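Thanks for coming, everyone. Let me put the structure up, and then we can walk through it.

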Amino acid sequence: MAARIIAQLLVSGGTLLFRSAAQAYRQAIINGKKAGVHEGTAQAFRSKKMDLVEAYSILGVNDSTPWPEIVKKFDHLYGVNERLGSFYLQSKIYRAKERLEMELPEDVRAEMKLKEEAERSAASAAREEEEKKSGTGD
Ligand SMILES: *[C@@H]1O[C@H](CO)[C@@H](O)[C@H](O)[C@H]1NC(C)=O
């Protein structure tokens with residue numbers, strides 16, 4: 001008898017809780033729309049506005065670190081977090097590199113990109129060659 005009453009109270013309490021949570025959620029959406037905050041734009045804004053200081057500290061470099069060293073740090077950190085499965089940190093690291101890239105002069109940036117791509121494809125070609133030799137391709 002008492003158990004049934006308690007169970008009923010829990011059910012109605014749960015419904016109430018659910019209702020107020022749903023209401024709060026709806027209100028938050030309405031407020032967000034009123035303020036003109038769309039989730040997409042808010043997110044884009046945040047990622048574009050990553051602090052330069054934050055970007056340096058994420059990659060553990062500073063404004064006198066040569067670009068190739070920044071790339072090396074990036075590759076290392078990105079790889080480590082891939083192995084650890086931390087998508088969140090990976091995206092932070094990616095944004096940090098992107099932010100520091102913005103600091104490079106336009107022509108330097110273009111040149112670096114070309115070089116980097118050439119190095120990447122050379123490295124992946126070497127990896128493929130290595131896999132062929134050891135015969136453990138996946
Ligand atoms: C800047 O970073 C480099 C490593 O990239 C380090 O050797 C150097 O001491 C740092 N300089 C300052 C002022 O922190």
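**Around the ligand**

Start with the ligand: the residues around it are Asn62, Thr65 and Glu69. Keep in mind that this is a predicted model.

How far from an oxygen atom of the ligand does a polar side-chain atom of each one lie? Take Asn62: a polar atom of its side chain is 2.4 Å from a ligand oxygen. For Glu69, the distance from a polar side-chain atom to an oxygen of the ligand is 2.9 Å. For Thr65, that distance, again to a ligand oxygen, is 3.1 Å. And how much of the ligand does the protein bury? On its own, the ligand exposes 360 Å², and 35% of that is buried by the protein.

**Charge pairs**

Now to salt bridges. Side chains of opposite charge can pair when their charged atoms come close. Here the count is six salt bridges, with a side-chain nitrogen of Lys or Arg within 4 Å of a carboxyl oxygen of Asp or Glu. One to look at is Glu54 with Lys92: their side chains meet at 3.2 Å, N to O. Which parts of the chain does that pair link? Distant ones: Glu54 sits in helix H3, residues 52-59. Lys92 sits in helix H5, residues 87-101.

**A charged patch**

Last stop, the surface. Glu128, Glu129, Glu130 and Glu131 gather there in a patch of negative charge. Where is Glu130 found? Glu130 belongs to helix H6, which covers residues 106-134.

That's the tour. Over to you.

How values were computed
Residues are numbered from 1 along each chain as its sequence is written. This is a predicted model: local features need pLDDT of at least 70, side-chain atom pairs count only at pLDDT 80 or more; totals for chains, interfaces and linings use all residues. Side-chain values use heavy atoms; hydrogens and water are left out. A residue is near a molecule or strand if one of its heavy atoms lies within 4 Å of it. A polar contact is a pair of N or O atoms within 3.5 Å; within protein, one must be able to donate a hydrogen and the other to accept it, and residues adjacent in sequence count only if both atoms are side-chain atoms. Accessible areas come from the Shrake-Rupley method with a 1.4 Å probe; for residues, only the protein chains shown count as cover. Patches are made of residues with over 30% relative accessible area and no salt bridge: like charges are joined within 9 Å, nonpolar side chains (Val, Leu, Ile, Met, Phe, Trp, Tyr) within 5 Å. Lys and Arg count as positive and Asp and Glu as negative; His and the chain ends are not counted. The place of a charge is taken as NZ of Lys, CZ of Arg, CG of Asp or CD of Glu. Helices (H or I, at least four residues) and strands (E, at least two) are DSSP runs, numbered from the N terminus.
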